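Me: Can you walk me through this one? I'd like to ask as we go.

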Amino acid sequence: MVKAVVGANWGDEGKGKITDMLAEKADIIIRFQGGANAGHTIVNDFGKFALHTLPSGVFYSHTTSIIGNGVALNIPLLFQEIQSVTDRNVPMPKLLVSDRAQIVMPYHILFDQYEEERLGGKSFGSTKSGIAPFYSDKYAKIGFQVSELFEEERLREKVARVVETKNVLLEHLYHKPLIHEEELLEELHGYRDMVAPYVCDVSAYLAQALKEDKTILLEGQLGTLKDPDHGIYPMVTSSSTLAAYGAIGAGLPPYEIKEIYTVCKAYSSAVGAGAFVSEIFGEEAEELRRRGGDGGEYGATTGRPRRMGWFDCVASKYGCRLQGATDVAFTVLDVLGYLDEIPVCVGYEIDGEVTTDFPVTAKLEKAKPVLKTLPGWKSEIRGIKKYEDLPENCRKYVEFIEGQIGYPITMISNGPSRGDIIYRESPLRK
Ligand code: GDP
C-alpha cells in the first residue's frame, strides 16, 4: 500500500510533521522530487531537526529511507545531513539512493546564483541550490545519473562534452571563471565513493516491497501552487509537487497510491516571488509571522521571512483537487488562537467578477481577495486530543473551511510535536 504526503499550498504546510507521524506505521519513506532547496522541520524525541534531503522517516529504526529517481540529489549535502542527524544520537538511517537519481553538479549551484544575479530585480527568488539549472539539464538530457558515476570512460567523455557548453555560457554570458574538467572529475569521484554503499535499483526494490505488503510513504516537497504545470508558473519550482508524480519520481505504478494526505495550513505563507492573493502586510503580517509555525515563519533552508496571508479557500480547494486529496491534514491551527476575528479568503475578484476557481497566472495577478471574517476562539488549543473538546468557534472554522474546499479534513494538527494531532470523522468521507 502506498500513501503520499503532499502540500496543498505553497509549501511549508507541515508535511514533515505529518510524514514523521505516519512513518511510525510505514516500512519505507521515499522522497520523489525536489532537492535541498526547501526544508522540513520535525520535532520528536531526539529534538528539533530541519531536513532538506533525507526523508522524514529517518528517525525510526524500523524504516528504510529512499532518495527516489525524481530527486535533485546534492551528494555532499546528503552526507552532511546524515552526519548532523547521527551527531545528535539518531541511529544511522537505513538509506537507499536510486541509481537513476540525478546529481546536482557544483556548476548547477553556480549557474543558479549567476542567473539570479543577472536577472536582478526580475529574479525568481531562487534559494540558489541549483535546482532550476539541474532540472533544465535533466530534461535537456545532459544531466548525470548516479549510475553514471560508476562508468569511468563514459563519465570522462560526458564531462568533457558538457563542460564545453557550460564554459561558453560562463565566459560570454556570465563573465565568470571557467570549469576545469579534471577538477570536476575529481569531485565526481568523491561523490561516487560517498554514495556507492547506498545505490539501489529502487523501482525493483519497491515492486518487491509491494509484493510483501509493505507500507510505502511518498514524501512531497513544497505544494500544488509551486507545481511547474499546475502552479503559479513561472514562479514555481522545477519538479512536479503532485502526488501523481510520486509514481514517476519513485518508480511505482500510479494505481498503487491509495491514500493522499494533503497538508493544508490554517493560514497562508509563501516564499519567493509570485501572486499571493490573500497576502497581508505590516504589523498584522509581522504578528502572524512571529507566532506562526514553531518559532516563527522563517525559511527552514534560508532563514528568509515568509510572506504571510489569511487562509485561501480558492487556492486550497484547487490545491487539494490537483493532489487528489483523500484526506486533508489541517495544520498549525493552534497559531490562530490569538485573533479576535479571523479573515478567510473565499473568492477572487477578477475584472469585477467573483470566482472560486483558481485561475491561470495572468488572471491571478489581477485577483483581489474576497474576505469573510469568522469569529476567533481566543484560547490555547495545544494539548487537546479530541475534536469535540476544541472550542466551538475553532470547530466552526474547520467546518467552514472544509465546506469551502470540499475535501475531508480528517486530521488537525494543533502543535509541532508528533502527538499534537486530532483525528476527526468528516461528513465528506463516504
Ligand atoms: P514542511 O516543509 O511542509 O514540512 O513545513 P515546514 O517544516 O517548513 O513548516 C512547518 C513548521 O510548522 C515547522 O516549524 C513545524 O515544526 C511547525 N508545525 C507543524 N505542524 C504544526 C502545528 O500544528 N502547530 C504549530 N504551532 N507548528 C507546527
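**Loop, ligand and fold**

Reply: Proline 234 is placed in the loop between strand E10 (216-223) and helix H8 (243-250). Helices (H or I, at least four residues) and strands (E, at least two) are DSSP runs, numbered from the N terminus. This is a predicted model: local features need pLDDT of at least 70, side-chain atom pairs count only at pLDDT 80 or more, and totals for chains, interfaces and linings use all residues. Residues are numbered from 1 along each chain as its sequence is written, and side-chain values use heavy atoms, with hydrogens and water left out.

Me: Is the peptide bond from tyrosine 233 to proline 234 cis or trans?

Reply: That bond, from tyrosine 233 to proline 234, is cis. Its omega is near 5°.

Me: And what about phi at leucine 222?

Reply: Leucine 222 has a positive phi of about 60°, although it is not a glycine. Leucine 222 lies in strand E10.

Me: New topic. Which residues come nearest to the ligand?

Reply: Lys15, Gly16, Thr41, Asp334 and Ser413, out of 20 residues around the ligand. A residue is near if one of its heavy atoms lies within 4 Å of the molecule.

Me: Where are the polar atoms close to the ligand's nitrogen and oxygen atoms?

Reply: A polar contact is a pair of N or O atoms within 3.5 Å. An oxygen atom of the ligand is 2.7 Å from a polar backbone atom of glycine 16. A ligand nitrogen is 2.8 Å from a side-chain N or O atom of aspartate 334.

Me: How much of the ligand's accessible area does the protein cover?

Reply: The protein covers 97% of the 580 Å² that the ligand has on its own. Areas come from the Shrake-Rupley method with a 1.4 Å probe.

Me: Which element gives the largest share of the shell around the ligand?

Reply: H1, with 3 residues.

Me: Last one. How many helices and strands are there in the protein?

Reply: There are 12 helices and 21 strands. The C-alpha atoms fill a box of roughly 65 × 50 × 40 Å, taken along the principal axes.

Key: Polar contact = N/O pair within 3.5 Å; in protein donor to acceptor, adjacent residues only side chain to side chain.
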